[in-house]
Amino acid sequence: MHIASSTGSEPGSTARPGQEGDQQQEQPIRLGKSFRIGLSGPPGVGKSTFIEAFGMNLLSKGHRVSVLAVDPSSARTGGSILGDKTRMTELSRDTRAYVRPSPSRGTLGIVLAVNILSAGYDICLVETVGVGQSETMVADIVDMFVLLVPPAGGDELQVAPQWGMKKGIMELSDLVIVNKSDGALVDSARNAQIEYTSALKFVKAISSHWKPKVIRVSSKGGPEGGIDKAWDAMKEYFDIMESTGDLQAKRGNQRKIWMWRQVSSELLDLLNEDTQVREMANELESKVLRNEVMSGAAAHQIVQRFMKGMSSS
Ligand code: GDP
């Protein structure tokens, strides 16, 4: 990533006077048009507060920022809690940024949305509130996966085993940010930093060129809150990954993963459209529920039935 002096005439630079302060202007990111950053963390950790502060900071540096909030519950409820405009109010109002809630068309809709947003915004933040599956999915879309964690001592980390200390999510994380490192919470934020740093030592590195870091920030701390440290770490990651070719390789692998997900999704659609298969699947579902047929055997029968239908058509 190349840092340049003032780029006020960059495409899309519609900054209002007085918004940019004295910040040095950076060149937009060129590789594949966008730097995609996934942000995850438990509810209440401060994701929207961080994205608001971080996003505004990036805008002041001359970047164009989009935020896509991936909310797995929206698929079920038909609405998105992240669509609430009270979140990230400043960023939502800024013409240089684009904040949108979870796309409704499932996981492939999210990939499409990220690709579209990446064309117009050089930094694309993909926020996820889900626990489990949505993290893996987002990690398969973004260039860098960032985990936000609350300040806590070792005991508290044990209290929430599904978060942070869980190996799975640590393995996905390229950067861990201990948020709320301010006031009375600074000491426990330091403890958390130490805990996560040692936990990361036992996690297999994703790239041989990047060792995940743990930093502390205060999203509410203004310029002193360390938001710049977060961006420095992300830039460093981007530069290393790009110059070593790891980023291109990662994107290639991700495209491969999504190709196969698309194959699965299209095959499932075809399968569901076949009424005979559907009828058989309904029966088998009931049997699997009652534990009368093993799930693997049922799946095999469904696929066999589908193939038979295909070959006779
Ligand atoms: P989210 O659910 O992860 O999006 O969390 P929010 O951004 O809504 O923040 C949850 C609460 O934590 C709010 O009351 C915030 O004001 C507070 N909060 C967020 N970041 C910080 C921080 O850096 N320091 C402190 N002290 N509070 C914070």
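This is a predicted model: local features need pLDDT of at least 70, side-chain atom pairs count only at pLDDT 80 or more; totals for chains, interfaces and linings use all residues.
Colleague: Let's start with α1. How many residues does α1 have, and how far does α1 reach?
Modeller: Helix α1 covers residues 47-60, which is 14 residues. From first C-alpha to last, α1 reaches 20 Å, close to the 20 Å expected.

Colleague: How many residues of α1 are buried?
Modeller: 11 of the 14 are buried, so α1 is largely enclosed by the rest of the structure. Among them are Phe50, Phe54, Met56 and Leu58.

Colleague: And what follows α1?
Modeller: Gly62 does, with a positive phi near 100 degrees.

Colleague: New topic. Where is Ser219 found?
Modeller: Ser219 is in the loop between β7 and α9.

Colleague: Is Ser219 buried or exposed?
Modeller: Buried, because its relative accessible area is 10%, and the cut-off is under 20%.

Colleague: What does Ser219 touch?
Modeller: Its contacts include Thr49, Phe50 and Asn179. With Asn179 there is also a side-chain polar contact of 2.7 Å.

Colleague: On to the rings. How many aromatic pairs does the count come to?
Modeller: Six. One of them is Phe35 with Phe238, a tilted pair, 4.5 Å centre to centre and 55 degrees between the planes. Phe35 is in strand β1 and Phe238 in helix α9, 203 residues apart. Phe35 is buried at 0% relative accessibility, and Phe238 is buried at 1%.

Colleague: Which residues do ring pairs link into a cluster?
Modeller: Phe35, Phe50, Phe54, Trp231 and Phe238.

Colleague: Last one. What sits over the ring of Trp258?
Modeller: The charged end of Arg261, 4.5 Å from the ring centre.

Key:
Residues are numbered from 1 along each chain as its sequence is written. Side-chain values use heavy atoms; hydrogens and water are left out. Helices (H or I, at least four residues) and strands (E, at least two) are DSSP runs, numbered from the N terminus. The expected span of a helix is 1.5 Å times one less than its number of residues. Buried means under 20% relative accessible area, exposed over 50%, partly exposed in between (1.4 Å probe, protein chains only). A polar contact is a pair of N or O atoms within 3.5 Å; within protein, one must be able to donate a hydrogen and the other to accept it, and residues adjacent in sequence count only if both atoms are side-chain atoms. Contact means heavy atoms within 4.5 Å. Rings of Phe, Tyr and Trp (its six-membered ring) pair if their centres lie within 6.5 Å; planes under 30 degrees apart count as stacked, over 60 as edge-to-face and the rest as tilted. A charge sits over a ring if NZ of Lys or CZ of Arg is within 6 Å of the ring centre and within 35 degrees of the ring normal. Lists of a residue's contacts leave out its neighbours within four places in sequence.
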